[in-house]
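Reader: I've got this one open on my screen and would like to talk it through. Can we start with the pocket and then move on to the salt bridges?

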Amino acid sequence: MARYDKTHDPGKNKELLEQISGKRLDLKQVIQQTVYIFEQCRMNRRAPIPEKVQPLSFSEKAMESLFRLTAKRSQILESTRILVDDEGNVIPDWKSKLDQEYEQLLANIIMEVNVADFGAVGDGKTDCTDAFKRALGTGRVKVVVPPGVFITKGIRLPSWTCLIGKGKGSTTIKLHDQASKGTRLITNANHWRGNHHIFVQGMSLDWNVERIGIAAKTSTWGNHSSCLTYANVTYGWVKDVEGINPGLHCFDISSTQYNYAGDGYRARGGSKYVWLDHVSGYGFGDDGITTHHSDYIFISNSHICDPSGRAHQKGFSNSNGIEVDDGSRNVLLANNSSARCFGGVEIKAHQNSSAANNVQIVGHLSVNDNRAFNFRHIGHHKITDPESQSAFNIIAVNLAAIEPIFTDLYKDSAPRGMVISAYKNVVVNHFTLVGDPNYDYKRNPLVALQYRARNVFLDNITATDFNKAGAMIKVYGGDNRADSIKILTYPSEKIEIGSGVQDITIDSTESVNVYF
């Protein structure tokens, strides 16, 4: 099997998914079918969720109250419509708006400069921080960065700016040895007032993790310590950019600050209308690509692999390829890939934040990730937890999980093709799982529906070569059971259903093991 390492070309993901699944899907038709099913799913009455909630401690209430000073109430937006253009590319319905704003960006660029003309030298030694600052000025500028390695203590981009290199591996911007651990290599100029119309293309971003030596933890706090951070950016583009060894994230599309005001609240100052295309990253301390408290985000044709996990305690590294995190809304992922991460794609939130919702995946290839697809709202899983008020609405089409494995990143985590916890209204259509017939999966199930998930619909799921795994799909029962589940066109592998599950429909020609 190919390694899918940092040299992998994610432009091949669409073709690879066809080869792995053995299906050449009519995406327009499949998406229309899946959206129709999703709308039916949303209207379904779901089994009630029992609760014996334990109240928050005084300190937890106090912390949420403080965060609410910079938060706002969260609402679920109308879902993005998924379109397929004339070239067969999956795009969000709002891409036309972003294209119009790109034309506005170009119209507002009044000069093009080369950073070398301001004193930058790409010799891997010279501090070019001031040269970039002078070249960027107050914006309305296209700054060209020639081939070479340019050392900087950080670059802050004003509005109406294009920063253009000569390609990954040709143009490299690298953090200075004296840069602090919390430094963002590239970010926008003003996180509080916000920025707009920023375009970064054609370069490698080296966070220079070697400068902090053997430090156990490579990041500081919040949205610091990353290769590229857009915080409170409206209309942003990142294309053909590589993130290398960041302390936290390769790419973070974020709000001014992270916010933990509780479920039902979101941070102010989130980013909006941002497109990441053909980006790649490796060696990250936390996540490769992540979103927080931001709306209308499009991530396409990108590849993330091989995290260090060093932003976490060793053995407890929740380091994901692509993470759609706290408060994110209307995020579309198309034809991306991940390898050897904790989660290939994780859609989630922390206990004291609103969950990401209205998230759509059309095409993703996960290779040797511990949990290829992991959807969860932490702290809202058990009968003693409050029911999530925000974990809603996931569509996933044309997925592949190749040989999920145990990992040193998270030492006690059993490999899974998919885990769905606490989310409601989840539709998964065309999911191919391929295992290693000799790998010991220790009889673990491949797909786990658990922890009060509701209104989950699975169709066209296939699995091969998991000789030492347990059930292909396990619906967990008990007080924290999943319920209101529908599984169609199911192959011959067994399904396990736990005790107390009240509302489940299975269309299968094979027997079902039910455990009561």
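Reader: How much space lies in the largest pocket?
Author: Bear in mind that this is a predicted model. The lining is made up of 22 residues, and the closest to the pocket's centre are L248, Y260, D286, H312 and H350. As for the space in the largest pocket, it comes to about 410 Å³.

Reader: How many residues in that lining are polar?
Author: Sorting the lining of the largest pocket by class gives six nonpolar and six charged residues. The polar count is 10.

Reader: Okay, salt bridges. Is E64 buried or exposed?
Author: E64 pairs up with R68 in a salt bridge, 3.3 Å from N to O. R68 has a relative accessible area of 35%, so it's partly exposed. For E64 the value is 10%, and the cut-off for buried is under 20%, so E64 is buried.

Reader: Where in the chain is K142, the partner of E112?
Author: The side chains of E112 and K142 meet in a salt bridge at 3.8 Å, N to O. This pair links distant parts of the chain, 30 residues apart, with E112 in strand β4 (residues 111–114). K142 sits in strand β6 (residues 141–144).

Methods. Residues are numbered from 1 along each chain as its sequence is written. This is a predicted model: local features need pLDDT of at least 70, side-chain atom pairs count only at pLDDT 80 or more; totals for chains, interfaces and linings use all residues. Side-chain values use heavy atoms; hydrogens and water are left out. On a 1 Å grid over the protein atoms alone, a cavity is a set of points where a 1.4 Å probe fits but cannot get out, and a pocket is an open set with protein on both sides within 12 Å along at least five of seven lines; lining residues have an atom within 4 Å of a point. Grid points are joined across faces, edges and corners, and a volume is the space filled by probe spheres set on the points. Ala, Val, Leu, Ile, Met, Phe, Trp, Tyr, Cys and Pro count as nonpolar, Asp, Glu, Lys and Arg as charged, and the others, Gly among them, as polar. A salt bridge is a side-chain nitrogen of Lys or Arg within 4 Å of a carboxyl oxygen of Asp or Glu. Buried means under 20% relative accessible area, exposed over 50%, partly exposed in between (1.4 Å probe, protein chains only). Helices (H or I, at least four residues) and strands (E, at least two) are DSSP runs, numbered from the N terminus.
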